[in-house]
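Morning, everyone. One structure today, and I'll keep it quick. Have a look at it first, then we'll start with a single residue.

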Amino acid sequence: MATGDTVLSHDSLIRRPEGLGIALTVPWYRSLWLSSVSDVRVSVEGREIPEDDLRVELGGRTYRVAELADQWDVLWFIQDRLVVVVPLAEPPAEGQEVDVEVTVDLRLPYMQIAPQVYVTNHASDRRSLVAHGGSR
């Protein structure tokens, strides 16, 4: 079973013109439908970013966090990186270390425990990461 410490990796922090991109791996041992993502929370340098300000990119498409529940036909493959776009007044400099915390809640569709109630995998990871200018 995947744990929270698999959400971020050393190359997760991407400088973007609008702020940051944070590349996430699926915090589970298999691919899941994007609709399985029931919540995404991000803090940068200890400041929580409002959910409405976040955007999520996968497969060339962009979603608001609130739209993820409707993406029942989009698969987050285990090899894919889901990029959470965080708007900042000024993007970090290349090589700058940034404290990032990400929490992802997954509703596991094949683990139904009551009508319309599913087991949730809560994965949280906090790290100081170096911003790089790569694109994903």
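Start at G95. With a relative accessible area of 45%, G95 is partly exposed. On the cut-offs: buried is under 20% relative accessible area, exposed is over 50%, and partly exposed lies in between, with a 1.4 Å probe and protein chains only.

Before going on, the ground rules. This is a predicted model, where local features need pLDDT of at least 70 and side-chain atom pairs count only at pLDDT 80 or more, while totals for chains, interfaces and linings use all residues. Residues are numbered from 1 along each chain as its sequence is written, and side-chain values use heavy atoms, leaving out hydrogens and water.

Back to G95. Where is it placed? G95 sits in the loop between β9 (82-87) and β10. Strands here are DSSP runs of E, at least two residues; helices are H or I, at least four; both are numbered from the N terminus. What does G95 touch? Not counting residues up to four places away in sequence, G95 touches V130 and A131. Contact means heavy atoms within 4.5 Å. G133 is 38 residues from G95 in sequence, and the two C-alpha atoms are 8.7 Å apart.

Now the whole protein. How many helices and strands? Zero helices and eleven strands. So the run of elements from the N terminus is simply β-β-β-β-β-β-β-β-β-β-β. The C-alpha trace spans about 50 × 25 × 25 Å along its principal axes. The radius of gyration is 14 Å; a compact globule of 136 residues would be near 14 Å, so the protein agrees. That radius is taken over C-alpha atoms, and the globule rule is 2.2 Å times the number of residues to the power 0.38.

Of the 136 residues, 44% count as buried. The accessible surface comes to about 7100 Å², and 49% of that belongs to carbon and sulfur atoms. Those areas come from the Shrake-Rupley method with a 1.4 Å probe; for residues, only the protein chains shown count as cover. Look at contacts between residues at least 6 apart in sequence: 74% join residues at least 24 apart.

On to the sheets. Five strands form an open, antiparallel sheet, ordered β1-β2-β9-β6-β7. Two strands pair if DSSP finds at least two bridges between them. β1 and β7 (61-64) are at the edges with a single partner strand each, so one side of each has no neighbour in the sheet. Neighbouring strands in this sheet are turned by 30° against each other on average, direction ignored. The axes are lines fitted to C-alpha atoms, for helices over the stretch in contact, and angles run from 0 to 180 degrees between N-to-C directions.

Stay with β1. β1 and β2 make a hairpin with two residues between them. Four bridges join β1 to β2 (residues 19-24), and the two run antiparallel. I14 has G21 in β2 as its bridge partner.

R16 belongs to β1 (residues 13-16). Is R16 buried or exposed? Buried, at a relative accessible area of 18%. Leaving aside neighbours within four places in sequence, R16 contacts G21, E57, V83, V85 and P91.

P87 is in β9. P87 counts as partly exposed, at 33% relative accessibility. P87 and G19 are 68 residues apart along the chain, yet their C-alpha atoms are separated by 4.6 Å.

Next, the other open sheet. Four strands, antiparallel, in the order β5-β4-β10-β11. Here β5 (47-49) and β11 (117-130) stand at the edges, each with a single partner strand, so one side of each is left without a neighbour in the sheet. V42 stands opposite V102 in β10.

Last, the annotation. An unreviewed UniProt entry lists residues 18-110 as "domain: C-glycoside deglycosidase beta subunit". UniProt positions follow the numbering used here, feature names are shortened, and annotations may be inferred rather than shown by experiment. Over residues 18-110 the chain is 0% helix and 53% strand, and the end C-alpha atoms are 37 Å apart.
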